[in-house]
Amino acid sequence: MSTDDLANELTRRTENAPQELLTRAFFFFCAVLSIVTTVAIIVLLTTEAAKFFSLTASLLGVEGQTVSLVDFFTGTTWQTSTGEYGVLPLVAGTLMVVIGSAIIALPLGVGTAIYLSEYASPRLRSKLKPALEILAGIPTVVYGFFALIYITPALGTVLPDIAFFNMASAAIVVGIMIIPMVASISEDAMSAVPDELREAGYGLGATKFDVSAGVVVPAAASGIFSSFILALSRAIGETMAVTIAAGSQARFLNPIDPTAYLEGAMPMTAAMIQLLTGDITGGGLAYRSLFAIGLTLFAITLLMNVISDLVAARYREEYE
Amino acid sequence: MSNEEPTTEARTSAPDRSSATTSVDAGEETSDRAAEPDRTIVEARNIDVWYDEDQALRDVSMEVPEKKVTAMIGPSGCGKSTFLRCINRMNDLVDAARVEGELLLGSKNVYDADVDPIALRRRVGIVFQKPNPFPKSIYDNVAYGLEIQDVEGGHDAIVERSLERAALWEEVEDRLEESGLELSGGQQQRLCIARAIATDPEVLLMDEPASALDPIATNQIEDLIEDLAEEYTVIIVTHNMQQAARISDKTAVFLTGGELVEFDDTRQVFESPQSQRVEDYITGKFG
């Protein structure tokens with residue numbers, strides 16, 4: 001090749017050729033689309049919610065009925081027909097679903113993960129893990145139905161005082177629903193723990209339990225914690241199952257009182273469904289309260305994700 | 001080559017030991033230890049190991065003397081690590097592995113049905129190729145063996161003594177609560193040695209303990225191994241022949257196919273090997 005040919009070849013513009021620029025533009029569009037959609041939802045949620053609260057509505061110069069921030073966040077009655085918009089009963093309902101489902105899903109999920117990662121033979125694991133993921137694929141409406149038809153009557157044989165719509169069955173069914181999520185993500189974290197650490201444990205005469213509980217679980221702690229946060233975020237956002245199982249009466253129950261779980265209440269998501277399926281008029285106070293709840297829910301899950309990221313970054317063990 | 005030859009050599013080496021050691025020059029650094037009478041602590045009798053259908057070790061017999069450094073050398077895939085992992089039954093963790101023959105620790109065959117591999121591993125420590133401290137504090141790393149064995153009382157004194165014996169104490173005494181992962185590679189490996197000796201095992205197995213380390217750290221580990229042999233029986237796998245020659249009292253040469261071809265005093269093996277194959281391997285003609 002002559003030096004001129006070489007010079008020509010070296011100065012060819014492959015990097016910024018038209019088709020390169022075009023594909024780059026296409027992928028940029030894909031990436032931006034989801035971000036734009038998310039931002040649009042947040043903007044909409046925020047502006048509509050702003051019209052609901054007295055303080056922000058007056059700043060925006062929006063006419064109409066409003067609710068004060070204090071009444072919304074400290075009010076203990078949610079009754080749209082009488083104009084009482086206290087969000088606490090709904091938050092309490094959501095909290096009960098989170099607490100109840102956590103009691104079910106965290107130990108069972110981690111236990112499942114430990115079994116799959118440390119005890120099951122590779123053959124058994126290759127069958128169990130897909131089975132677990134099928135469980136995660138069951139439509140949530142089926143779970144709700146299952147709670148109402150099977151879990152509540154089963155609980156009723158032990159606890160005769162239980163209401164037809166009750167928090168216990170809602171929390172249990174959401175717990176079952178999120179077990180695969182906890183198990184799957186925790187199992188991934190445990191499988192990522194290098195075998196060298198297991199060998200170190202076994203080499204010192206550790207039992208399987210010593211290695212699982214004392215070496216693998218601590219080494220995978222940040223991943224396990226992430227699975228908790230993601231699963232509980234899912235529990236917070238879960239709608240269909242709790243709407244069916246927990247009922248639609250916005251009672252203000254005490255989430256740390258076990259007997260409260262025998263009664264029905266209305267988590268935040270269920271309240272939004274009720275608002276949407278009732279006759280709310282566009283622009284009315286009830287309509288705008290939908291956005292206020294939505295924004296509150298969003299803030300809670302966002303906060304949990306931020307905590308999860310911080311914890312993961314702080315406690316992640318780096319292995320070569 | 002038949003399977004008979006290597007084992008015959010390995011067996012005959014034991015009675016020959018006294019004559020072999022007297023032939024060692026007086027100035028040889030191993031001579032002070034070699035003067036004591038040897039007691040056998042680990043004895044392999046006709047060990048065969050298979051991984052599924054592949055035979056990894058063929059009819060290996062050898063007697064490992066107590067409180068000496070015994071090196072096992074050989075090319076990759078010759079079965080030397082497999083043999084090491086037979087001694088503390090780490091091979092049990094590999095589903096495909098099958099071991100036949102007898103392996104005596106003291107007078108007990110560790111493959112007897114009534115032997116608990118967990119109890120065995122508490123008496124036979126192991127240090128691996130890659131330093132593998134737990135993601136725990138330096139202190140907790142060393143105390144781990146004591147914790148799982150429910151050793152009574154405070155562990156402070158044992159932790160300190162183990163770190164001292166592993167020549168790491170002075171470097172870490174002010175930061176015992178820091179993570180073991182904060183240490184350099186060589187320090188991590190010495191931490192792993194401290195962890196392995198904290199429970200005072202009968203035998204310390206080392207699977208290429210310096211192969212992931214730089215030359216300075218390798219030197220430190222080699223010095224340490226020679227010191228440890230005053231109190232422990234050390235069995236070390238290495239692919240580094242110079243290392244075996246430097247630190248070991250006895251050397252076992254495994255060659256491809258899982259045969260133990262020669263086992264004798266280190267000096268004997270390196271200066272006048274009995275087998276042509278071993279000589280070829282040591283002089284670099286093959287392997």
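Predicted model: local features only at pLDDT ≥ 70, side-chain atom pairs only at ≥ 80, totals over all residues.
Two residues are taken to be in contact if their C-beta atoms, placed from the backbone, lie within 7 Å. H155(B) sits in the loop that runs between α5 (138–148) and α6 (156–165) of chain B. Is H155(B) buried or exposed, or something in between? It counts as partly exposed, because 19 C-beta neighbours lie inside 10 Å, and a residue needs 20 or more to be called buried.

Stepping back to chain B as a whole, its secondary structure comes to twelve helices and ten strands. The chain has 287 residues, and 50% of them are buried.

N46(B) is not a glycine, yet its phi is positive, at about 55 degrees. This residue belongs to strand β1 (residues 40–51) of chain B, and it counts as partly exposed because it has 14 C-beta neighbours inside 10 Å. D200(B), also a residue other than glycine, has a positive phi near 55 degrees. Where does D200(B) lie? It is found in the loop between α8 (185–197) and β7 (203–207) of chain B. With 14 other C-beta atoms within 10 Å, D200(B) is partly exposed.

Chain A, for its part, is divided into domain 1 (3–52) and domain 2 (78–315). The centres of these two domains of chain A, taken over C-alpha atoms, are separated by 37 Å. The domains do touch: six residues of domain 1 of chain A are in contact with seven residues of domain 2 of chain A. On the domain 1 side of that meeting, three residues are nonpolar, one is polar and two are charged.

The two chains also meet each other, with 15 residues of chain A in contact with 19 residues of chain B. Which helices of chain A each supply at least two residues of the side that touches chain B? They are α9 (195–203) and α10 (208–219) of chain A. The largest share, six residues, comes from α9(A). Sorted by class, this side of chain A holds eight nonpolar, three polar and four charged residues.

In soluble globular proteins, nonpolar side chains tend to be buried together. Here, the largest nonpolar core has 160 residues. The members that touch the most other members are A170(A), V173(A), V174(A), V182(A), A241(A), A245(A) and V234(B). Helix α8 (residues 167–191) of chain A gives the largest share of this core, 17 residues. As for A241(A), its contacts beyond four places in sequence are T140(A), Y143(A), G144(A), A147(A), A170(A), V173(A), V174(A) and M177(A).

Technical notes:
Residues numbered from 1 in each chain as written. Chains lettered and ligands numbered in written order. Helix = DSSP H or I, 4+ residues; strand = E, 2+ residues; numbered from the N terminus. Buried ≥ 20, exposed ≤ 12 C-beta atoms within 10 Å, placed from the backbone. Nonpolar A, V, L, I, M, F, W, Y, C, P; charged D, E, K, R; others polar. Core = buried A, V, L, I, M, F, W, Y, C linked by C-beta atoms within 7 Å. Domains from an automatic or database assignment.
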